[in-house]
Amino acid sequence: MSMPLQRGVSGGVRVSDSSDDLRDSQMKDKSEKEGHLTLRFPFAFLFTSNSNTQSTDPYSARTRHRLMLLFLKISLVLIVVLALAGSFWWTISISTTSRGHVYHNYRRLQEQLVSDLLDIGEISAGPTRWKELEYCSVDSENYVPCFNVSKSLDRFCGPGGSRQECLVLPPVDYKVPLRWPTGKDVIWYHNVKITADEVLTSGSINKRMMMMDDDQISFRSASPMFDEVEDYSHQIAQMIGIKNDNFIEAGVRTILDIGCGYGSFGAHLLSKQLLTMCIANYEASGSQVQLTLERGLPAMIASFVSTQLPYPSLSFDMLHCSTCGIDWDQKDGLLLVEVDRVLKPGGYFVWTSPLTNARNKEDIKRWNFVHDFAESICWTLLSQQDKTVVWKKTVKTKCYSSRKPGVGPSVCSKGHEVESPYYRPLQMCLGGTRSRRWIPIEGRTRWPSRSNMNKTELSLYGLHPEEVGEDAANWKANVRDYWSLLSPLIFSDHPKRPGDEDPSPPYNMLRNVLDMNAQYGGLNAALLEAKKSVWVMNVVPTAGPNHLPMFLDRGFVGVLHDWCEAFPTYPRTYDLVHADNLLSLQTSQRRSSCSLLQILTEVDRLLRPEGWVIIRDTVQLVEAARALTTQLKWEARVIEVESSSDQRLLICQKPFTKRQSI
């Protein structure tokens with residue numbers, strides 16, 4: 001009824017000015033009508049006709065116009081307020097009634113966002129697409145972020161220690177490493193940063209085994225120096241009481257070699273099915289870690305300075321230090337406490353140093369401190385011959401409570417006990433004593449059966465045989481597919497597909513493999529079962545579930561790492577980098593401090609020329625990564641795994657690009 005009334009008000013009748021009575025009568029009638037209308041529709045005066053108002057008040061049109069604008073503004077504000085209030089109420093109701101559903105779809109929304117942004121970027125970039133990253137300067141050939149920042153041996157990944165946003169080129173005379181096992185004994189001189197004087201410098205047995213031969217560095221297994229390493233290994237076995245040098249029967253499988261020289265001790269132990277991880281400080285030239293990795297042996301940068309190693313408690317069966325340059329008597333024995341933390345119950349600490357055979361008063365004092373401190377943390381001195389000493393860690397936690405008051409460091413409290421620390425400050429307390437994994441090495445399953453855990457063993461990590469068994473079966477199939485695809489033919493117009501009849505690459509095509517998201521260690525186990533000549537650096541991202549203790553106990557090697565930081569190794573380290581659902585894991589982090597391009601740029605730094613990258617993830621994230629390979633100058637191809645799967649494979653190969661000589 002308001003609309004007819006509105007139209008009636010606006011349509012007044014014009015009357016002659018000569019009839020005052022008639023005008024008064026009409027004005028009275030009109031006032032009554034307007035009063036009646038105002039009661040029913042209080043804002044009707046805003047919609048009266050200008051023609052009528054001009055005859056009564058010359059200023060009324062302007063006033064009504066302003067009032068109308070004011071009314072519209074107020075109405076708009078009310079609408080916005082109501083909309084915001086409704087949206088807020090809807091958000092609250094969703095968060096209280098459908099929180100689980102929203103969280104379940106959070107990752108899918110993120111992936112869709114990545115896909116949409118990718119599409120927008122492709123459209124906006126047009127034919128030019130993304131700009132390729134530039135090459136780093138020649139000074140960056142051996143650049144290691146987080147370690148190249150100061151003279152200190154400490155790792156620093158904060159502001160100023162971050163990685164470069166460029167591609168690291170190999171040295172001018174770089175050559176693709178020789179295949180395994182030849183590459184274990186011969187490496188190219190120009191592939192690593194070392195001087196001739198450093199090669200010839202005398203030192204430990206491991207270092208003296210190097211010989212220069214034109215443009216090669218040789219570690220001749222037929223040389224007299226090799227006999228010294230074999231004799232040294234035999235001496236250690238005798239001191240422990242191992243017959244026929246059979247370390248496996250004594251429960252030894254994994255060894256942490258501190259200051260490993262150039263890996264010759266670990267290379268020799270490979271023949272005994274022992275896996276040795278070399279760690280050493282960052283070195284600008286003549287790096288022990290770089291040369292060891294170039295030989296195809298496990299190694300990473302790590303140091304006993306101020307932080308705990310990125311390994312869980314109870315990780316290794318043996319720790320070895322042969323003239324490793326660490327003063328174990330310093331810091332009141334704090335460094336020996338860290339050795340104890342990563343050593344399994346019943347494990348061995350082997351130390352070779354002139355200090356163990358001291359003659360002068362000062363050295364005798366230092367040796368006595370180490371001897372007494374080792375006894376205070378429940379280590380048993382098994383034997384001492386020449387410059388070598390072997391201790392055995394206790395298998396009984398009761399030993400710690402039976403010590404005299406004030407003797408040795410205390411056992412870590414629950415608040416200080418972190419099974420897998422990530423570069424935490426060193427702790428002056430004994431860790432791992434509360435762990436369910438406190439199992440003597442002699443009581444563990446022997447290698448290689450150790451890699452396949454039974455139901456009881458898996459229960460220590462909260463896992464079931466069914467899920468681990470299914471994971472193992474999947475990785476066996478995946479390895480077969482992967483190996484058939486590692487050929488440049490994959491990038492042709494008619495690429496290979498998994499299971500094609502073309503000849504597969506040789507078993508020794510790869511040696512150093514990096515698994516960026518190792519999960520249960522399934523890739524490592526499948527590669528070994530397929531008898532591929534590889535070792536795998538299993539990485540557990542700090543952003544995901546921590547299964548690192550489990551596959552270290554399986555007899556593999558690995559480390560905890562945050563992929564928004566640079567990996568602690570030198571450029572050109574790995575033949576294959578594998579990332580299974582790592583991108584999904586990283587994008588699920590709401591506060592991720594790095595981009596996908598930064599992660600892939602770090603992969604490029606780690607990868608050897610002509611090395612391979614395999615990424616398995618959702619379609620959206622694989623496509624996002626594929627688009628970025630243009631900036632990295634990689635060859636790339638997306639492979640459909642199964643028609644019903646929402647995952648894809650991205651196979652990439654890094655080109656061998658040489659820097660032009662000046």
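Which elements cover the buried residues of helix H21? Before I answer, please note that what we are looking at is a predicted model.

The covering elements include strand E11 (512–515), strand E14 (574–580), helix H20 (582–587), strand E15 (607–618) and helix H22 (619–632). Helix H21 itself spans residues 596–606, and nine of its eleven residues are buried. Among them are Leu 597, Ile 599, Leu 600, Val 603 and Leu 606. The buried set also includes charged side chains, namely Glu 602, Asp 604 and Arg 605, together with Thr 601.

I turn now to the second largest pocket. Its volume is about 680 Å³. The pocket is lined by 24 residues, and the closest to its centre are Arg 253, Gln 273, Trp 447, Leu 528 and Val 534. Two elements, helix H18 (522–529) and strand E12 (535–541), each give two or more residues to this lining. The greatest share comes from H18, which supplies four residues.

Finally, a word on confidence. The protein chain has an average pLDDT of 83, with 79% of the residues scoring at least 70. Over residues 1–56, however, the pLDDT is below 50, and this stretch has 29 contacts in the model beyond near neighbours in sequence. Residues 96–129 also stay under 50, with 27 contacts beyond four places in sequence. Where pLDDT is low, the predicted coordinates should not be read in detail.

Definitions and conventions
Residues numbered from 1 in each chain as written. Predicted model: local features only at pLDDT ≥ 70, side-chain atom pairs only at ≥ 80, totals over all residues. Heavy atoms only, no water. Buried < 20%, exposed > 50% of the residue type's maximum accessible area, 1.4 Å probe, protein only. Contact = heavy atoms within 4.5 Å. 1 Å grid on protein atoms, 1.4 Å probe; cavity = no way out; pocket = protein on both sides within 12 Å on 5 of 7 lines; lining within 4 Å. Points joined across faces, edges and corners; volume = space filled by probe spheres on them. pLDDT = per-residue confidence, 0-100.
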